[in-house]
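Work through these exercises with the model open beside you. Try each task before you read its solution.

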Amino acid sequence: MPVWLPLLLAALAVLAIYLIRPTAQSLSVASTLLWRRLLAHRRKRHDRLRWLLSLLLATTVAGCLALAAGQASWLQPGGGDRIALAFDSSPTMSAALPDGTGTRMDLAVAEARRIVAEADTSGRFTLGADPTRLTPAEALLALSGSFESEETEEQPEPAIPAADTAYLFTDGVSDWRPTIDPATATQTISVLAPARNAGIVHFVTRPAPSHEAKPEALVEVLATDAASATGLVPVELMIADVETIRIRRQLELPSGNRFTALIDIAGFAPGPVTASLRTPGDVFPLDDRAMLVDARSTGPPATARVEQPLNRLRGQRRLVVHTRSRASFADSAAARAFAADPSVVVVAVRAAADGTVREAGAQPPESSSAATAAADIAVFHRTIQTTGPPLPSLFLDPPDAAPAGGLSPAEAAPPAQRRIDRIAAEHPILDGVSLLGLPARIPTRQLDPRCTAVAAAGNLTAIAVCDPTDPAPTPAGSEPPGPDLSARSVVIALDLDTSPLAQRPDLAALLQNATEWLTGTLTDRDDTILPGLQDERATRINESDLDPVPPGRLAELTRETRRPWSWRTLALAGLLLASIEAITFFRGITV
Amino acid sequence: MADHSAFAFEPTFLARLERLRLLTRRVPAGGFKGEHRATHLGSGIEFADYRPYVEGDDVRHLDWRAYLRFDRLLLRMFEEHGDLAVYILLDCSRSMAPTPGDAGRRKFDAARRIAAALTYIALATLDRVTLAPYSSQAHQVLGPLHGSRQVWRALDFLANLDTGGDTRLDHAVRQVFAAGRRRGLVILISDLLSDTTEGGLDLLLPLRHDVAVLQVTDHRDLEAPLDRDTTLVDSETGDTLRVHGAPTLLHKLEDEADAHRDEIRARCTARGWSFIEAPVEMRFEELALGALRRGLLSRGR
């Protein structure tokens with residue numbers, strides 16, 4: 001708001017107050033002698049004192065109002081309780097309330113505002129993981145409309161600052177558990193408002209048992225309704241390819257029941273296949289749509305990616321990609337995963353001549369060099385590192401990992417296909433990623449002793465991480481092969497474009513975790529912290545151990561909370577009051 | 001012929017007026033023959049009283065018969081019949097008729113009736129009357145008039161007066177008495193709603209006149225619809241005054257008017273002058289009664 005606007009409004013208010021006063025009537029009198037004597041006596045005796053007292057009282061009242069309502073921070077002792085407010089950032093918090101007045105997060109914010117408003121003015125509040133202590137007025141201001149997005153994007157599972165009392169606002173559907181000091185008294189505020197939802201919990205393609213070249217899709221729909229509702233949930237299921245809606249079915253599902261369908265997609269147009277739901281009264285749209293990126297692939301079964309926001313978003317990371325050719329990267333699953341991650345920006349793609357690995361390190365143009373200098377991570381897609389700045393490196397399906405320092409040269413052995421049976425689940429780059437049982441068609445390689453395998457299929461290393469700050473045992477009498485490791489690197493020795501991992505959200509999460517770990521923004525987590533919601537749990541938006549919010553409470557809390565006036569506003573009001581008093585006095589109106 | 005309807009007196013009323021005469025205790029009668037009596041050693045022929053002889057008295061006025069009879073030296077005193085110089089200062093400022101119409105001229109009409117009656121009384125008793133209307137505007141001074149035949153002239157003069165301008169009593173006193181007029185009775189008829197009143201009265205003090213102040217009052221001057229902001233416009237000066245107050249303010253205004261009147265009354269009393277309040281509703285008989293009490297008028301000849 002521009003500075004002149006409040007001044008203009010104040011001037012208009014003063015003018016309006018002046019104009020709306022009744023105009024004085026004119027009265028001719030024989031002489032004003034007696035009137036002047038009367039006024040002179042009264043003013044001499046009382047009026048000036050009365051006016052001063054009135055002005056003093058008005059100013060005092062206005063000042064007290066300003067200070068009390070505005071709760072100026074310098075006036076508040078600040079020695080009160082330390083109160084932490086933490087908000088569940090899981091996807092189900094975006095579910096709408098049954099009456100459509102907002103979301104569960106809106107309800108949480110309203111509850112938080114109520115707590116802040118009812119708290120003592122000496123209390124200090126922290127929001128989420130932010131350790132900044134706020135006065136009640138500042139906390140109310142911070143709990144405005146923009147609060148939700150900031151919280152969910154930046155601090156999904158916050159470590160709550162030390163406090164006397166922590167209020168956790170959650171619907172209890174997910175396993176959201178912020179890190180809280182054990183000495184902190186915790187109160188969980190339920191924002192669970194049971195409502196109707198139908199979602200796609202499973203959508204995969206696989207070869208038909210009768211004919212392996214003929215793909216079919218398996219779709220599962222789960223319906224849930226408010227606890228009090230016992231009727232059927234009407235659902236319209238639509239399966240579409242890139243051209244048109246191929247299948248449309250009307251379903252009526254009892255609450256809690258699951259509907260499974262096998263769909264022959266052989267006749268579908270090439271390209272993605274989309275499943276979508278339309279449900280009257282549905283409050284959670286995030287699970288209403290799922291897409292198979294390459295549904296007609298004759299390869300191993302593909303799993304749909306439910307189009308919902310990634311559970312975890314971090315700071316932005318800039319990538320410079322070294323690839324065999326621009327076309328090979330542009331059509332790759334890795335490129336799609338990066339494109340789906342808003343926290344990643346591919347600043348440059350540097351292509352070498354096809355089949356010529358050494359040309360990957362050819363003289364780059366000036367613009368490419370600048371892009372490299374601005375990058376955080378170097379990504380090597382089906383090629384290897386030769387020279388360049390010591391950036392953290394991500395090797396995706398490297399043909400020969402030895403120069404990267406991650407894996408030893410491949411042995412002369414035919415490619416084998418095994419399933420991943422061993423993972424280091426505690427490692428942060430596997431957080432929220434499901435790899436077990438995934439087929440890995442990779443050449444046999446020996447792990448570099450300086451690196452750690454985090455996923456393996458038998459004796460085959462599928463994923464390895466190398467950290468120069470983490471000393472690894474070096475066999476006695478042997479020199480560590482490969483170039484000097486001055487930065488972290490991750491080797492994902494899977495053919496991502498042919499792996500079913502590419503058809504699942506796990507690839508995006510894996511690459512996201514890897515880029516975070518490489519830039520140091522992802523630290524090892526406490527094992528007690530559980531990963532975020534999975535698909536089916538998100539769809540079951542009413543399954544919680546918490547008590548639901550009473551409907552009357554819903555209506556009360558969703559009512560707009562009036563924010564108190566700021567002390568500046570009330571100070572302006574006091575100034576206006578004093579001005580009017582002064583105008584009244586000097587114009588001789590007061591008798 | 002001027003309109004005398006404003007002070008058209010009934011014959012009976014005139015008859016009552018003829019039984020009154022103006023009275024002064026401080027001013028000696030003049031040399032012209034008149035009915036104003038002074039009790040002192042003089043050349044009169046009507047015996048008044050005796051008084052003891054004191055050294056220095058003229059022995060020609062000793063009553064030797066009384067000496068033989070009472071064995072005391074007594075002086076014979078005679079009443080001297082002379083005329084009295086009467087100056088009637090009539091306020092003709094705008095405040096005497098603040099609004100147009102008969103209702104607005106109530107004070108001025110009342111003042112003229114009083115002036116006419118007093119003039120009638122004075123001329124009937126062969127006193128010398130000077131009519132001096134005053135305001136900031138120029139006014140002609142009439143008189144001195146002597147003899148009852150001048151009554152109609154005086155009434156014509158009064159009937160032709162009109163109001164206008166500010167109250168300037170000080171200027172009027174300087175103008176009327178600049179020529180060194182003889183001492184006499186000064187009768188001031190005014191509403192006294194002016195800052196110049198006190199200054200004008202102060203100017204009269206060294207002239208050693210006997211002074212009678214008649215304040216003409218109208219209760220309408222103290223009435224105003226004060227239910228909201230009001231701009232009061234002074235009828236004389238045009239000055240404005242903003243007031244905002246409750247109707248209770250009018251009660252305070254009445255108190256202020258009383259205080260103002262009391263101040264002038266006290267000033268007059270301290271100087272041995274008469275002060276008579278003359279509300280416009282008061283009949284002249286009531287006013288004359290008040291004047292009788294205060295020694296301005298006396299009954300009989």
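**Exercise 1: Where the chains meet**

Task: State how many residues of chain A are in contact with how many residues of chain B, then describe the side of chain A.

Solution. Step 1: 21 residues of chain A are in contact with 30 residues of chain B. Two residues are in contact if their C-beta atoms, placed from the backbone, lie within 7 Å.

Step 1: Look for elements that give two or more residues to the side of chain A that touches chain B. They are strand 1 (25-29) and helix 2 (33-70) of chain A. Helices (H or I, at least four residues) and strands (E, at least two) are DSSP runs, numbered from the N terminus. Helix 2 of chain A gives the most to this side, with six residues.

Step 2: Sort this side by class. It has 11 nonpolar, seven polar and three charged residues. Ala, Val, Leu, Ile, Met, Phe, Trp, Tyr, Cys and Pro count as nonpolar, Asp, Glu, Lys and Arg as charged, and the others, Gly among them, as polar.

Step 3: Follow strand 1 of chain A across to chain B. Five bridges join it to strand 10 (residues 230-234) of chain B, and the two run parallel. A:Gln25 stands opposite B:Thr230 in that strand.

A note on the source: this is a predicted model, where local features need pLDDT of at least 70, side-chain atom pairs count only at pLDDT 80 or more, and totals for chains, interfaces and linings use all residues. Residues are numbered from 1 along each chain as its sequence is written, while chains are lettered from A and ligands numbered from 1 in the order in which they are written.

**Exercise 2: A sheet and a hairpin in chain A**

Task: Give the strand order of the four-strand open sheet in chain A.

Solution. Step 1: The order is 3-2-4-5, with parallel pairing. Two strands pair if DSSP finds at least two bridges between them.

Step 1: Find the edges. Strand 3 (124-127) and strand 5 (185-190) of chain A each pair on one side only.

Step 2: Check one pair. Six bridges join strand 4 (residues 165-170) of chain A to strand 5 of chain A. In strand 5 of chain A, A:Ala185 is the bridge partner of A:Thr165.

Step 3: Helix 3 (residues 104-118) of chain A lies across strand 2 (82-87), strand 3, strand 4 and strand 5 of chain A. It runs at about 155° to strand 4 of chain A. Axes are lines fitted to C-alpha atoms, for helices over the stretch in contact, and angles run from 0 to 180 degrees between N-to-C directions.

Step 4: Turn to an antiparallel pair. Nine bridges join strand 8 (residues 232-240) to strand 9 (residues 245-254) of chain A. A hairpin of four residues joins strand 8 of chain A to strand 9 of chain A.

**Exercise 3: The nonpolar core**

Task: How many residues has the largest nonpolar core, and which have the most contacts inside it?

Solution. Step 1: The core has 61 residues. B:Ile88, B:Leu89, B:Ile114, B:Ile187 and B:Ile189 have the most contacts inside it. A nonpolar core is a set of buried Ala, Val, Leu, Ile, Met, Phe, Trp, Tyr and Cys residues joined through C-beta atoms within 7 Å. A residue is buried if 20 or more other C-beta atoms lie within 10 Å of its own, exposed if 12 or fewer, and partly exposed in between.

Step 1: Helix 3 (residues 106-124) of chain B gives the most to this core, with 13 residues.
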